[in-house]
Amino acid sequence: MNTQYIGKPTSRVDGRAKVTGQAKYAGEFQVPGLAYGVVVSSTIAKGKITTIDTSKALALEGVIQVFTHENVSGLAWFDKSYKDQDSPPGSPFRPLHNSEIKFSQQPIALVVAESFELARYAASLVHVEYEHSEKPIEAELRAHLDKAFDPGKGKQGYKKPKNRGNFAKEFAKAPIHFNSEYYHGAEHHNPMEMHASTVIYDEDDHLTIYDKTQGVFNSQSYVAGIFGLSKKRVRILSPFVGGAFGSGLRPQYQLFMAVLAALELKRSVRVTLTRQQMFSFGHRPATLQKMSLAATEDGTLQAMRHEAISETSRFENYTETIVDWSGAMYKCDNVAYDYQLVKLDAYTPLDMRAPGAATGVYAIECAMDELAHKLNMDPVALRLKNYTEEDANKGKPYSSKELKACFQQGADRFGWSQRNPEPRSMRDGSTLIGWGMATGMWDSMFVPCRAKAFLSADGKLTVSSGTSDIGTGTYTIMTQIAAETVGLPIEQVTFKLGDSSLPLAYLEGGSATAASVGNAVRIACENIREKLIRLLSKTSYAPLADVPAEELVFGSGKIQLKSDPQISISMSDLMKLAGENYLEDTATAIPNMIKQMPYARNVHSAVFVEVRVDEDFGTVRVSRMVSAIAGGRILNPKTARSQILGGMVWGLSKALEETSEVDANFGRFMNHNYAEYHIPVNADIPEEFEVIFVEEHDDIVNPMGTKGLGEIGVVGVAPAIANAVFHATGKRVHVLPITLDKLI
Ligand code: MOS
């Protein structure tokens, strides 16, 4: 398809604002009379507050108020049944509700002062005494597996897919069969920008709130709902988000606390969390997985079972689709699933980039590598042997699945055919070299969204939707779609987002935004084009009036006759001629269920990795990585590549670096800072880090054929690295991250 902007590697339209500091984040908006709130966090994980003495803090000049459970009860309408758009079943945590402590670092007070420094100092003077619970703290998943329960038993929540065939019988019968366990601990979102809310108070309880969020409407209904305000009084703004990865899907407690203080004090208040406090409101849950695979000698899968035991809090049942992927990725007639939760004394886990898939695909893809080794079969060949064109969990074919092209092109680029299958066979002096691969998979979602297009007679187009850009490139791709569809130079198009006064959009999550908001933008802009055509007739602009639409070309701000480009009129002139100051349209994109429902809709990937392991020290370095993605139509290869690269970096981190270590006695995440929560630095990332987008056409997922790339980049990376480490060392490490102590 011949396009001017869609599919072109366009630089970020917000790039300059971001690198020059002009882009403002939630904690950076300044208003006269702003007060600063600092949160006091609990130092125990389970028990209750017996005394909270705020007198020393309040005695300081400039300290305005200290809010605790003793002076706010009844102020918020935090109904027990309250849910936000991303709430799991249960009863959400209510800050400052009572003296009970449910998790370490629970917010227990908000100190509000005239300056941030003063508030922070005063917070250190709040004296708290606790009574520890008589019940022991339970914080380490693997120590409490005996308490696992099936969360699907209730009315709400996750339902695991149906078993098929007869796993037990076929597993026992198959010539090759084995069981394997995989575990990783909690991981925390660590976006550069800490969570913050700046609440600007106007008389009569009108609030304008700059909030770090992935969904302004979610924050808006949360604030309106629990404080009993009409939505008209609550405007949420989130023009820029400094990374979120899922941490902004739920309204976090700094929003609640800032609003509480603003309403009570009738003045503007900002609350910014510290890096340590970023470890107190949700994480990717620690999960233990058990895989059982059985195959014939030629590698045909006969039976598989995928079991997962994951953690949740005492007050909500957070669930993930972890086990489903196994039976969706491979053709196998005898499949069993089990999924259970253990309640721990911790905050509720929270969606983190590719929630469920990053965990579940790690297990199945490592198990497939173990099977390939047992069969003495090439790992790619084993995957092709069990390839499927349908998601057997759903009994539906994939709307498109160019995964074979991913294997082919990824393997070619990587040089996979040169691999010696024998572990420890490829070395460079004392460095063991390992090549590993894995498959990735994620959903291609399309949720109803709205967008508005406004074309003014000066030829400037403003398109808007209340979505967000968490660094994914939303601003840029929506600008491209709008410029392309109306036919304007991209410089004349502005896209607005992150404002609850804009047309309704869903949370930016699940990799759904490009498809969902993108189609709404497309429709609104197509409608503008229609209106321009109507103006041609209305003005009787002779050479172009009443010409069928398909004989017209929209481009460079002009409408031209396809057969004779000399005959044209600028959109601006046309509007002036017609006496229209502007044209506008608000459109809703709604999935075509009849077209979609018969199909499973997913994005796929193949990841190839080379690691170098120091034989003496056990240190692992990733030296090369190729990720081939089948992601439908790529709107912007530049921002798309960045999305995948970011996912690859995170996958490397998951495999080798990061985990939140919990102290089982205190129920506290111990490494709650950037010094001890290890993530890769530039020096850890190889130069050969390649992304391939294979060609994939799909008009079933949505009319633009785009699949969304926010999450797929991370999915297959950790298992590919784990498999490469096995190939290098002959040692199968079943616990992430693969640190040197596990290899020597
Ligand atoms: Mo993502 S975990 O849907 O922000």
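1. Helix H16 (residues 637–656) lies across E27 and E30 and runs at about 130° to E30. Helices (H or I, at least four residues) and strands (E, at least two) are DSSP runs, numbered from the N terminus. Axes are lines fitted to C-alpha atoms, for helices over the stretch in contact (C-beta atoms, placed from the backbone, within 7 Å); angles run from 0 to 180 degrees between N-to-C directions.

2. This is a predicted model, in which local features need pLDDT of at least 70, side-chain atom pairs count only at pLDDT 80 or more, and totals for chains, interfaces and linings use all residues. Residues are numbered from 1 along each chain as its sequence is written.

3. Strand E27 (residues 620–630) pairs with E30 in the parallel sense over six bridges; two strands pair if DSSP finds at least two bridges between them. Ile-629 has Phe-693 in E30 as its bridge partner.

4. Both strands belong to an open sheet of five, ordered E17-E18-E26-E27-E30, with mixed pairing. Its edge strands, E17 (426–428) and E30 (688–693), each pair on one side only. Neighbouring strands of this sheet are turned by 25° against each other on average, direction ignored.

5. Lys-48 stands opposite Glu-100 in E4, while Ile-49 has Tyr-130 in E6 as its bridge partner.

6. For the chain as a whole, there are 18 helices and 31 strands. The C-alpha atoms fill a box of roughly 80 × 75 × 50 Å, taken along the principal axes.

Terms used
Two residues are in contact if their C-beta atoms, placed from the backbone, lie within 7 Å.
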